[in-house]
Structures are given as C-alpha cells and as structure tokens.
Amino acid sequence: MLIGCSDDFQTPEEALSQFASYWEDGNYEMMYGLLSVNSKVTISKDEFVEKYNEIYSNIQADAVSITTPIKDPEEEIEEELTEAILEYEQSINTVAGELHFNSTVELSREEDEEGLEWKVQWTPALIFPQLEQGDNVRVRTLNPERGEIIDRNGVELAKNGSAIEIGLVLDRMEGLEEYTISELSKAIDISEQAIEGALNQSWVRPDTFVPIKTVPYDQMSFVEELREISAGVTYLVVPAREYPLGAAAAHVIGYITPITAELLEEHKDKGYNANSFIGRTGLESLYEDQLRGELGAVIDIVDEQGNPKDVIAQKDAIDGKTLQLTIDSQLQTTIFNQFEKDSDTGTGVALHPITGEVLALVNAPAYNPNEFVLGVSSQTWENYNEDQNRPLLNRFTQAYAPGSTIKAVTAAVALENGWDPDDKREIKDLGWQKDSSWGSYEVRRVKYPNHDIDLTDSLVYSDNIYFAQMAIELGEEAFTEGFQTFGFEESVPFQYPLTTSKIANDGIRSEVQLADTAYGQAELLVNPLHLALMYTSFVNGGNIPKPLLLKEEDLGIWKENIVSEEHANRVLSDLTQVIESPSGTGSNAKINGFKLAGKTGTTEYKSSQGEQGKESGWFIAMDTDDSELLVLMMVENVEGVGSSYVVPKVRGVFLEFLR
C-alpha cells in the first residue's frame, strides 16, 4: 500500500543521514548503534570503533564528508518496504591527498526497542569500496630527496651521500663475545650495556646484522681497523647527509639531525614524522622549508598476509630545492687553513667588493658537522662545550671592537664634513689629551713618525691621536650621523642573521669616549661582514652593494652615495699606501705586480689604561686593479704582535687566489 510521508515514519534516507552525521563527527560508537543485527554479528563494537580510529588515524583523515540522498517530501513511499539500497558520496582529506568516490549501502528495516527502524548493513566497503573482510589499510611514506647546497661553481657543500653503519653478527664472533663487546665499546665510545642491549633485542638472530653506531663515510679506515677486533664486526654503507668541506664550512652550512620528540611536537602540522631529519644550525636550519621538500604517501589495501591488492591514493614526494650559494669553496677552505695551520681563533670574511657576493664566511676553531648528522657522543659534545676556544660559536655573526680598521670610515665621514686631508698636523708626543678635563687619560699612538702628518700619513702609520682629534673637531652629532650613513644601528640586509653594529650602548657620553670611538675602541662594535661591506664603498665610488649569499639573488645597492666619488677615491688611495709604503702597517702584505689596499687594526680589551689586556688582530685588504676580492681576517689572542700577526695570513689568501 502506498501512502504519503508522515512525520512519525522514518525513511531509509533519514536513517542513512543520521549514520553519515555520526560518521562525519567521528562518533563511531553511535554509528555502531545504527548497524543491523547481522552486521553486529560480524564485528563487535570495540572492533568497529578501533578499526575506524586506526584507519583514519593512519591515513590522517580530515574533513570527512558524506553526502546522502534526500527523499522528496511529496514522493509517496511504500510503508511495508523492508530493504533499500541507497547511493552516497564520500570525500576525505588524507596524507595522500583528497579521496572522493561514490558507493552504495544496503539498509534493512528491523525491530528494536523503539519499534521498526532502518539499520545499516555494514561491510568494510563502507570505509573504502575496495576494502574486503580480512583486508588492512596500509600507509607508506614516500620520502623526498633533501635539496643539496652547492657553491658558486657547483661544488657540493651539503650533499646526499653515504655513511658507515657499524654492526655485529653474532655467529661470526666465534666465542669471543665478551672480548669483542669490551674492545668495541672502548673504540667507538658506546657503553657495553648499550651494545649488549642491541644484541639482545627480540628480532636478533645469529646471522642478523645488528647496527651499533653510524659514522661518517670518511672514517672508512677507522672502520677497517675496528674489523680487526673480531670477525663479528662488520658494516653497511647507508644513505646520509654529507658535508664535504667539514669544519671549514661548518658554521655557515650547519647540519641536520634526526628530529627529536620535542621538535616533532613543535612542527606537528608541517609534515614531519618520527623518521624525519631537520636542519638544526646554519643554512640547513634557515632554509629548512625549501631544502626538506614535501613528503609523499601511498594508501593501499593489503590482504591478511600483507600482499598488496589495490592502491587507494598516492601523492608523490616533492624533492627539496637545491641552494646555490655565492660562496667559493676553494676560498672558504683557503681562509680556514690560514687559521687552522697555527691553531688560531677568529673569523674571516671574503666578498666580491663590486657585486657584493659573499665568497667566504669562516670561523676557527670549528667542528665537524658530519659527526652531528649521525649523533655525537656525550663525550664529544662535552669536549666541544668545554673547549675554551668555543668551536661551536658562530663568530662571523657576532660584533666586535674593530680597532684601527674603522679609521677608514672615520676618515670618510670627516671628508664629507669638510675635513682637509692635506692639512699637516704637528703631533709630537706619543700621548695626547684635549685638556686637563680628561684627567690622567691620554690617547696613545704606537710610534712617532718624526714629521707632521696629514690624512695619508695618519692611515699609513695608523695614528690614534690624529683620528681622536678628528672626531673631537667633528663633534658627536656629525660623527654619529656619519657612521649611521654607513649602516650602524641597522640590520644588514643579508640572508644570514647578523648582530647589528653599534656606535655605543647608550649614546656617546663624553669627549674621551668620542675620541676612542674614532679609532675603534670605547663601546664601538662592528659585525665583520658589515665592516667588509663598508670598505667596498671605496672601490664603488661611495656606494655599498647589497650583500648576496644566494646565486639567484639580484644585484643591488644597499647604501647609495654615502660618500662622494672624490672622497672614496682619496680614502682608497691612502689605503693603498698602507700596503705600498715601506712605513705602512700593512706593508708585509705587498705582492709585487698586484696592487692591494687595506688597513690593519689591533683591538685592546682592558678595563683601564696602562694594564695589559687581551688583543685581537685585524686586517682587511682588497685588490684595486680588477676589484674582485676583499678579504677580512680577525684573530683573537695576539698579545704583543697585534695586527702584524694577521697581515701575512691575508697575503697568503691573495697569493692562493692569484694562482
């Protein structure tokens, strides 16, 4: 008998709509309550809830949407209908992309405590149409290839290479288990308890390779020595991130490590999993998003034996982007070697003074990033942290008192404010003070030149008194404003974050402080790259280029017309005499047939005048004919020799560059 729809008569469409509503909300217990009696025989409530939770969790289901048919209220229905087959649409966002499919579901009308109700005839096909009884849903992660980092010439700085996984095979140890474990523990700095724990895992069989420790690939000779302990010691070559320059580029490139639980939680919505690696320092960290790429995934159906049956969805991995830097790996290594050969502590910068391309960023001492990729031992980590020379410190990002290297900037500021560079000044003594208001404090010069001096002489002899008088006569306002035009008190527009250069902590508060600041002491702090950039203005007609680290960046100007071309050329000419003149403080850098301009600097760290403090030596030099290279080096703890210690090292870099 056909009758019109009534308010108290449930239709199959309404029952399915309620079922779908629970489904979308993830209320699987209420879904189970709408299953038919036969369906409940095939699966218990706990199994049902667990199945949905497990599958949807594994595929990272989100935004589940079920669209069900709607019964036309004007359409007549058959009251005695006991079975119905309805179509529905399902869409789900998953780890492998959006799934969308149409399917059908059978409903039956059954008696329950509330009377006749429509119930869902459930099968696994309601989750996915391809899913059958006994099947499982499997998710496989497709890992992207991490982008590599290469230098300006394509030389690899961070690459997807290999490492050596050291392991043991029990049945090859020939009764020497205790000896092998004891000797291996000493050699690789892993406790005997940890090795025994690895060997006692439930899955280990006599012929199983049991991994114990992974070491960089360049330690193959060490691994071969380990194999002499016992035939049970062996190895596998496994994929790993490699840093071919090692310590020479450690701070600028950085390293990756396996992701920690804390970092996984911090980045929980960014596609990482427990097996992911993540950039921890340097460019590996700064460009993590571009380098790591995007994970892919495959959702497929497997039978009870784990055999694949059908692919439900697949999202291919997207490999990370390769970064090409302006860095020159050969120059980077050359500067590092100048530090390392004498176990120096310091930092170095090299750049192309015309284009602003950064060619090297060096720290010494440094660490081996290949060790960190594979996990450093607690002893190695402790050694690095307790080393008084602080190999983990990234010095080229810091700011330091620049000593006399800043005098070229002071000179440029003075010229812009009307200073006469050819005016000869009579300065007879080794010490000078403006008047008695300075008390016992005097500005001290290193030596007396035995004649009146002009700007050229003051730079050649690096005369502190001349520049102290210059700053006093300029005045604090003109001096400060001039330095600010060179970029003091503002961030350098560079891909790598740098400490901002500062004129003073809280403004220049006295004439003594102003005088000392003029020759690079007092509270003046300068970032090494920023200092190198300031010197480029002298070969660029008064302009400072934008510093570049990535080859894809466009050339540009950071500071335009900060000094006139005439004044820039005058300072450059005087800086050339610092090296060309036999009296110049940088004369030991002279290379016959190759004209350099530069400036020395010695920074003194002491609490009062007259005491013996620590010293750092600086030297900046650049070629003036073709203007392709500027090199800055700073070496700490050079008491007694100052900048003269650094001059031959910079010269050595240029000699290598000229080959």
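Q: What stands opposite Val349 in β18?
A: Leu361 does. The model is predicted, so local features need pLDDT of at least 70 and side-chain atom pairs count only at pLDDT 80 or more, while totals for chains, interfaces and linings use all residues. Residues are numbered from 1 along each chain as its sequence is written, and side-chain values use heavy atoms, with hydrogens and water left out.

Q: How many bridges join β17 and β18?
A: Six, and strand β17 (residues 346-351) pairs with β18 in the antiparallel sense. Two strands pair if DSSP finds at least two bridges between them. Strands (E, at least two residues) and helices (H or I, at least four) are DSSP runs, numbered from the N terminus.

Q: What order do the strands of the open sheet take?
A: β18-β17-β25-β24-β23, five strands with antiparallel pairing.

Q: Which strands stand at the edges?
A: β18 (358-364) and β23 (596-605). Each has a single partner strand, so one side of each has no neighbour in the sheet.

Q: Which helix lies across β17?
A: Helix α20 (residues 528-536), at about 35° to β17. α20 also lies across β18, β23, β24 (614-623) and β25 (630-636). Contact here means heavy atoms within 4.5 Å. Axes are lines fitted to C-alpha atoms, for helices over the stretch in contact, and angles run from 0 to 180 degrees between N-to-C directions.

Q: New topic: at what angle do α12 and α22 cross?
A: Roughly 150°, and the axes of α12 (residues 329-340) and α22 (residues 647-658) come within 10 Å. That makes α12 roughly antiparallel to α22; angles over 145 degrees count as roughly antiparallel, under 35 as roughly parallel, 65 to 115 as roughly perpendicular and the rest as oblique.

Q: Which residues in α12 and α22 meet?
A: From α12, Gln330, Leu331, Thr334, Ile335 and Gln338; from α22, Lys649, Gly652, Val653 and Glu656.

Q: Where is Pro365?
A: In the loop between β18 and α13 (369-374). A cis peptide bond joins Ala364 and Pro365, with omega about -5°.

Q: And what is phi of Ser627?
A: Near 50°, a positive value in a residue other than glycine. Ser627 sits in the loop between β24 and β25.

Q: Is Ser627 buried or exposed?
A: Buried, with a relative accessible area of 7%. Buried means under 20%, exposed over 50% and partly exposed in between, with a 1.4 Å probe and protein chains only.
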